[in-house]
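Please read this report beside the sequence and the model, which are shown next.

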Amino acid sequence: MSAQYHPLVKRLLDGELSLAELPAELRPEGEAALRLIRSVDRAPVTLPAALDARVMATVRRHAASPVRRAWRRLTAPRDVELRLRVRPWTVWAGALAAAAVVVLLVNRAAAPSSPPRGPGTQARVGSHDSVYVRFVLYAPGARRVAVAGTFNQWDQNAALLEPAGTNGLWTTTLAVPVGQHQYAFIVDSDRWVPDPRAPAVDDGFGRRNSVVAVVAQGARTL
Amino acid sequence: MTALRSALLAAVSATIPLVLAGQGDVTARLDGRVPAEVMRAVHDIAAATAARGLPVEPLIDKAIEGGAKRVPADRVIAAVRALANRLDEARRALHDGGIETPGADVVEGGAYALSAGLGPRQTSELVRISRPPYDPATSLRVAATLAALGVPPKQTLDLMESMIAAGRSPSDLLDLPSAVQTSVAQGATPTQAANGLARGVVHAPGQAPDFVPPGQAKPHPHKP
């Protein structure tokens with residue numbers, strides 16, 4: 001239960017005003033508040049003399065518990081010094097063997113026994129650090145547009161572009177692994193076209209490949 | 001000496017399975033993607049390339065690309081062989097630039113630079129000036145991209161040198177190709193764009209390069 005007293009009544013309780021100084025309509029409230037205050041036992045609280053001793057006895061009993069001591073020994077951090085005495089060649093041999101195992105495992109993970117195709121290529125791409133890159137080509141009249149490059153093993157069925165309306169723009173967004181990639185668009189399944197908005201290099205077969213660099217912050221023409 | 005012999009033995013033992021695994025990887029990755037004669041030829045070229053300590057991944061990629069583009073087998077093999085030679089040439093250029101044992105990334109960057117039109121000497125010079133905090137592989141790729149955008153090799157090298165000499169951050173180098181593209185889109189030739197960027201670096205060291213192509217500048221305000 002709580003009572004919200006008028007501010008003037010609160011000043012009365014604080015001793016700043018007397019009952020006579022309250023407006024007449026507030027005096028009953030003031031008298032009730034004073035009666036309530038007078039009814040409270042204002043004698044100082046004294047703690048029993050034996051309380052300290054009881055509390056300390058309980059603390060000592062807990063501290064002396066063997067279970068707790070064992071738990072503390074198991075969990076408390078401590079300094080441990082280990083000394084190994086080895087011949088240098090064993091370290092080199094061990095390190096090289098470990099490196100060989102790591103490289104073999106990495107090779108195996110990076111090179112599946114069969115070439116990835118279609119959706120498999122996409123899944124593999126997604127397993128690396130990759131960035132979404134939007135590819136756009138203006139190809140009015142095209143019936144099919146795809147993009148292929150080093151990021152999808154030059155698979156012309158892995159990434160099809162969708163027409164963006166009827167204005168001849170084709171677009172798709174792909175997760176491309178971080179790194180530098182060469183790519184080209186394939187129009188109607190047989191015409192390889194470099195990206196007119198990207199730098200291009202000789203592909204070694206008499207055509208041009210576009211170049212895109214994917215860095216952690218996004219794609220750059222690098 | 002005993003320890004040294006043991007270490008060498010361990011190194012050789014560790015290397016043999018790696019080379020064998022790499023060769024098996026070439027065959028597996030090309031299987032079904034290129035004709036059998038291409039697969040055999042690329043396998044041999046890759047083995048020889050790996051034995052010289054050069055990366056084989058670009059060779060595999062090139063063969064797969066040729067297969068996807070339905071390029072005749074002899075031309076695919078020729079392209080892969082040419083790329084292997086370029087990797088060799090790149091390594092020599094890197095060596096001349098001061099890198100004794102370049103990693104795969106730098107070698108590939110060097111080959112990319114040579115493919116884009118930079119000469120071996122320019123490649124070496126670029127590597128020589130790309131000391132930390134600059135990364136030679138990144139510098140090579142930036143320069144190659146500038147060349148691919150049509151910036152002549154000499155202007156490419158001049159621009160890179162001016163950026164590095166002015167102490168621009170490595171990430172500023174990465175922004176150069178897009179800055180050139182922007183200028184070209186505004187009407188400048190690639191040469192004008194590169195020269196303008198280089199002038200901007202010289203006149204305002206420590207700031208991002210900014211270039212306005214001829215005829216694109218805002219008129220100076222007239223005093224009343």
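## Basis of the report

The model is predicted, so that local features need pLDDT of at least 70 and side-chain atom pairs count only at pLDDT 80 or more, while totals for chains, interfaces and linings use all residues. Residues are numbered from 1 along each chain as its sequence is written, and chains are lettered from A and ligands numbered from 1 in the order in which they are written.

## Chain B overall

Chain B holds 11 helices and zero strands, where helices are DSSP runs of H or I with at least four residues and strands are runs of E with at least two, numbered from the N terminus. Of its 224 residues, 43% count as buried, a term that requires 20 or more other C-beta atoms within 10 Å of the residue's own, whereas 12 or fewer make a residue exposed and counts in between make it partly exposed, with C-beta atoms placed from the backbone.

## B:Thr27 in helix H1

B:Thr27 belongs to helix H1 (residues 2–30) of chain B and is partly exposed because 13 other C-beta atoms lie within 10 Å. Leaving aside residues up to four places away in sequence, B:Thr27 touches B:Met39 and B:His43, contact being defined by C-beta atoms, placed from the backbone, within 7 Å.

## Backbone features in loops

Most residues other than glycine have a negative phi, and most peptide bonds are trans. B:Arg70, however, has a positive phi near 55° and sits in the loop between helix H3 (57–68) and helix H4 (73–96) of chain B. A cis peptide bond, with omega about 10°, joins B:Pro132 and B:Pro133.

Methods:
Contact = placed C-beta atoms within 7 Å.
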